[in-house]
Amino acid sequence: RAASLALTPREQQEAIRAGERSVTSEAFGAEWRVGDDGGQSVTVITPFHRLALAARHAAFKGEPLKPEDRDRMLQELRDRLMLWVSLRGPREDFARHLAPRLLLGEREIQPVMVQNERTAVRQKGGGFLARNVYWFPAKDLTGTSRPTLVVRDPDGQEVARFAIDLGKMR
């Protein structure tokens, strides 16, 4: 098992079938999620996961996944790895200027796009939750890579660290 960063037609069909069958599974998506003890998490959006998720949503609506939607999603992730990151902080604007980096061995990979939530959501137990999206170039990653996502605040202080094992994902 390893993450496919570029899907063959057979893998595309497998992802769509997995998504359609997942409508009865509460555990869908667990293989792509990495969390920490503080309630923060990163969800790795591989092409397989993206198609399966879209097929799941279409199945909930009783519709098939449209070929043009499939093609658009695969194009969005072409040569990129997308990460959905949920972070907790003390103020509603804490996430605005966070800086993510992907560490691969000694290499530090800069994101190609960062979408930090400007106004985090207030949590019932206190604090705020920000949902951020980061895209990284996939050219140096393989399906078995083990990168680490590190997110820092504007002062360079580490806010979160997630060890990602692409070998455990599809």
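Keep in mind that the model is predicted. The biggest theme is a nonpolar core of 43 residues, the largest one here. Around that theme come two helix pairs, α1 with α2 and α2 with α3, plus a few residues worth a visit.

**The nonpolar cores**

- The largest nonpolar core has 43 residues, and Leu83, Leu87 and Leu149 have the most contacts inside it.
- The top contributor is α2, which gives 6 residues.
- There is another core apart from this one, made of 5 residues, including Leu77, Met82, Val133 and Trp135.

- Start with Leu83: skipping neighbours within four places in sequence, Leu83 is in contact with Val42, Thr43, Val44, Leu102, Asn132, Val133, Tyr134, Phe136, Leu149 and Ile164.
- Leu149 is on that list, and you'll find Leu149 in strand β9.
- Is Leu149 buried or exposed? Leu149 has a relative accessible area of 0%, so it is buried.
- Setting aside neighbours within four places, Leu149 is in contact with Val42, Leu83, Val85, Pro100, Arg101, Leu102, Phe136, Ala160, Arg161, Phe162 and Ile164.

**How α1 meets α2**

- Two packed helices are described by the angle between their axes and the distance between those axes.
- For α1 and α2, the axes come within 7 Å and cross at roughly 45 degrees.
- That angle makes α1 oblique to α2, and the crossing is right-handed.
- On the α1 side, the residues involved are Glu11, Gln12, Glu14, Ala15, Ile16, Ala18, Gly19 and Glu20, and they meet Phe48, Leu51, Ala52, Ala55, Arg56 and Ala59 in α2.

**How α2 meets α3**

- Helix α2 also packs with α3, at an angle of about 150 degrees and with the axes 10 Å apart.
- Why call α2 and α3 roughly antiparallel? Angles over 145 degrees count as roughly antiparallel, and therefore this pair gets that label.
- The crossing of α2 and α3 is right-handed.
- Here Pro47, Arg50, Leu51 and Ala54 in α2 meet Arg70, Met73 and Leu74 in α3.

- Leu51 belongs to helix α2 and is buried, with a relative accessible area of 0%.
- Leu51 meets residues of α1 and also residues of α3.
- Leaving out neighbours within four places in sequence, the contacts of Leu51 are Leu7, Gln12, Ala15, Leu65, Arg70 and Leu74.
- Glu14 is 37 residues from Leu51 along the chain, and 9.4 Å separates their C-alpha atoms.
- Leu7 sits in the segment before α1 and counts as buried, since its relative accessibility is 14%.
- Which residues does Leu7 touch, neighbours within four places aside? Leu7 is in contact with Gln12, Pro47, Phe48, Leu51 and Leu74.
- Leu7 and Pro47 are 40 residues apart in sequence, with 6.8 Å between their C-alpha atoms.

**Asn116, a polar residue tucked away in a loop**

- Look for Asn116 in the loop between β6 (113-115) and β7 (121-122).
- Asn116 is buried, because its relative accessible area is 14% and the cut-off for buried is under 20%.
- The side chain of Asn116 makes a polar contact with the side chain of Tyr134, at 2.7 Å.
- A polar atom of the Asn116 side chain also lies 3.4 Å from the backbone oxygen of Ala95.
- Not counting residues up to four places away, Asn116 touches Ala95, Arg96, His97, Leu98, Asn132 and Tyr134.

**Asp79, with a positive phi**

- Most residues other than glycine have a negative phi.
- Asp79 is not a glycine, but its phi is positive, near 65 degrees.
- Asp79 is found in the loop between α3 (67-76) and β3.
- With a relative accessibility of 53%, Asp79 counts as exposed.

Note on methods: Residues numbered from 1 in each chain as written. Predicted model: local features only at pLDDT ≥ 70, side-chain atom pairs only at ≥ 80, totals over all residues. Heavy atoms only, no water. Helix = DSSP H or I, 4+ residues; strand = E, 2+ residues; numbered from the N terminus. Buried < 20%, exposed > 50% of the residue type's maximum accessible area, 1.4 Å probe, protein only. Polar contact = N/O pair within 3.5 Å; in protein donor to acceptor, adjacent residues only side chain to side chain. Contact = heavy atoms within 4.5 Å. Core = buried A, V, L, I, M, F, W, Y, C linked by side-chain atoms within 4.5 Å. Axes fitted to C-alpha atoms, helices over the stretch in contact; angles between N-to-C directions. Parallel < 35°, antiparallel > 145°, perpendicular 65-115°, else oblique. Left-handed = near helix turned anticlockwise from the far one by under 90°.
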